[in-house]
Amino acid sequence: MAGAITEPTLAAPSAPVIDAALGRIRAIVGDRGWTTDPGEIAPHVIDQRDRYHGAAAMLVKPADTAQVAAVVGVCADQGIAIVPQGGNTSVCGGSVPGTGGDEIVLNLSRMNRVRDIDPANYTLCAEAGCILADLQAAAAEADRLFPLSLAAEGSCEIGGNLSTNAGGINVLRYGMARDLVLGLEVVLPDGTVWDGLRALRKDNTGYDLKQLFIGAEGTLGVITAAVLKLFPIPRVVTTALVAVAGLDEALTLLSCARSASGDQVSAFELLPRIALDFVCAHVPGTRDPLAKPHDHYVLIELSSGDPGPALAETMERLLGQAVEDGLVLDGVIAANTGQSRDLWKLRDSCSEAQKHEGGSIKHDVSVAVSRVPEFIRRATALVEAAIPGARPVPFGHVGDGNIHFNVSQPPGADKAEFLDQWDALNRIVHDLVHEMGGSFSAEHGVGQLKRDDLARYRPAIELALMRRIKTALDPRGIMNPGKVV
Ligand SMILES: Cc1cc2nc3c(=O)[nH]c(=O)nc-3n(C[C@H](O)[C@H](O)[C@H](O)COP(=O)(O)OP(=O)(O)OC[C@H]3O[C@@H](n4cnc5c(N)ncnc54)[C@H](O)[C@@H]3O)c2cc1C
């Protein structure tokens, strides 16, 4: 089966064909819905890490699903490629077009209505262009929680979150984006609309089609709206930063925390000493909260719907026992929300702080939670052997087995020379991840950046199945060409 299906490739349409198609699109979306002004297009064709610089024939901003369907219909007729775009915060070049200038960017930002909130059903129906932070606020207004949370939440949009199957800081408790969806509305690559906006928790009626589009990074259709799951708002959240005796002890602590709290752990994030050093050196308003330096820290958050003192007592009991058992060497429990924010700032500033230490080569990888310590030890040894003096900074969502294994350049090294080793270092780390049964992209997706990795590490049969699905849904290959498969 492997190799039996080839990915559809799109022949570039001629200039008159593009012009005619753009004329039809202008008529569909009206004056507010399109631009060809290079200044207005510019921020939409560059990725946020400034790695990919593309070009677009037009930036199109439809106002509703009917407009999206009509625009996609025109593109399907004329063979014009479409790059769906939300907040353009993709970190793997998924949301920007190629350099040919013959694709359109279909930006969903104007479609930002919350269509419905049903507190009794614990659901919210939102259009694709809703900014994630706005959805969290809309849910909170209805006394509900929408738990998806990531550092880009002030600018990323739910359509982009679902298309990348975003993760973030609450996966341990609530799952990835795909776990938070009950229904979808999608404009298919031929311009037809699939209304799958069902708000059902039980629905065993054939294939779960919505899951095809979640994580597809815009290659199978345009998500225009979604029914999202809501949860009770936690009434008490308690946060602690602890120095652990080692990586294995961090893992044991995670298991203890899950059982001691009845699985009320909402975050369990690893910080190595070097990350804390970078943050305290470069991010104003931060400081090491403990008296002495240690090799590894864990940020633990427990949350509960019970407003009483039980959760705080659980945290104290858990950490007291962990100190007695030699898992934890020192730690601090936030006494109020201000202190909790300060502890989270240490974790949230890791990427930002690393920028001040010169070039950094990034890996967003996952292994089974039980193998995280082994992975970090082996990857660190491999990286240090490959680039003497390079500084691994493995931090992140250890509770999900997801490590941001970012490597800072040796102090004083030439940044460009270091970054030239990006692909070679990725190969070393991703080979290890593969050997350990892990994933080379835990939560950031594939986009343009990791397309070759997908071909290298996924079994041939999986690639062939992906290509069959792509060909079946998008036979002309107009949806986000050059990404994923
Ligand atoms: C500071 C920062 C922190 C981040 N932290 C995390 C994190 O903790 N966890 C995590 O998982 N990710 C993280 N990311 C990356 C993450 O993928 C995005 O932030 C987010 O999920 C993408 O949303 P967006 O609206 O910006 O989508 P875009 O970047 O615009 O698009 C992303 C992909 O989805 C497609 N797409 C967008 N909208 C649609 C649509 N309506 N229909 C079909 N396809 C569409 C695009 O074509 C592209 O392939 C982070 C990024 C930044 C910049």
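This is a predicted model: local features need pLDDT of at least 70, side-chain atom pairs count only at pLDDT 80 or more; totals for chains, interfaces and linings use all residues.

Q: OK, the ligand. How many residues surround the ligand?
A: The count is 34. Pro 84, Gly 87, Thr 89, Ser 90 and Glu 157 are the closest. A residue is near a molecule if one of its heavy atoms lies within 4 Å of it.

Q: What sort of residues are in that shell?
A: There are 11 nonpolar, 20 polar and three charged ones. Here Ala, Val, Leu, Ile, Met, Phe, Trp, Tyr, Cys and Pro count as nonpolar. Asp, Glu, Lys and Arg count as charged, and the others, Gly among them, as polar.

Q: Which helix or strand gives the most to the shell?
A: Helix H5 does, with four residues. Strand E3 (82-85), H5 (158-163) and strand E10 (222-229) each supply at least two. Helices (H or I, at least four residues) and strands (E, at least two) are DSSP runs, numbered from the N terminus.

Q: Which atoms lie 2.8 Å and 2.6 Å from an oxygen atom of the ligand?
A: A backbone N or O atom of Asn 88 lies 2.8 Å from a ligand oxygen. An N or O atom in the side chain of Thr 89 is 2.6 Å from a ligand oxygen. A polar backbone atom of Gly 218 is 3.5 Å from a ligand nitrogen. A polar contact is a pair of N or O atoms within 3.5 Å; within protein, one must be able to donate a hydrogen and the other to accept it, and residues adjacent in sequence count only if both atoms are side-chain atoms.

Q: And how much of the ligand does the protein bury?
A: Taken alone, the ligand exposes 960 Å², and the protein buries 91% of that. Accessible areas come from the Shrake-Rupley method with a 1.4 Å probe; for residues, only the protein chains shown count as cover.

Q: New topic. How many salt bridges are there?
A: The count comes to 21. A salt bridge is a side-chain nitrogen of Lys or Arg within 4 Å of a carboxyl oxygen of Asp or Glu.

Q: Which parts does the Asp 248 and Arg 377 pair link?
A: Asp 248 and Arg 377 form a salt bridge, 3.2 Å from N to O. The pair links helix H8 (residues 247-260) to helix H13 (residues 372-386), 129 residues apart.

Q: What about Glu 269 and Arg 347: buried or exposed?
A: Both are buried (under 20% relative accessible area; exposed is over 50%, partly exposed in between; 1.4 Å probe, protein chains only). Their side chains meet in a salt bridge, 2.6 Å from N to O. Glu 269 is in strand E13 (residues 265-272) and Arg 347 in helix H11 (residues 337-348), so the pair ties together parts 78 residues apart in sequence.

Q: Now strands. How do E8 and E9 run?
A: Antiparallel, with four bridges joining E8 (residues 181-187) to E9. Two strands pair if DSSP finds at least two bridges between them. Leu 184 has Gly 196 in E9 as its bridge partner.

Q: What's in the turn?
A: E8 and E9 form a hairpin with five residues between them. Gly 191 in the turn has a positive phi of about 95°.

Q: Which residues of E9 are on the covered face?
A: Trp 194 and Gly 196 are, while Val 193 and Asp 195 are on the uncovered face. In a regular strand, side chains alternate between the two faces of the sheet.

Q: Last one. Where does Glu 217 lie?
A: Glu 217 lies in the loop between helix H7 (210-213) and E10. Its phi is positive, about 55°, although Glu 217 is not a glycine. Glu 217 counts as buried because its relative accessibility is 9%.

Definitions and conventions
Residues are numbered from 1 along each chain as its sequence is written. Side-chain values use heavy atoms; hydrogens and water are left out.
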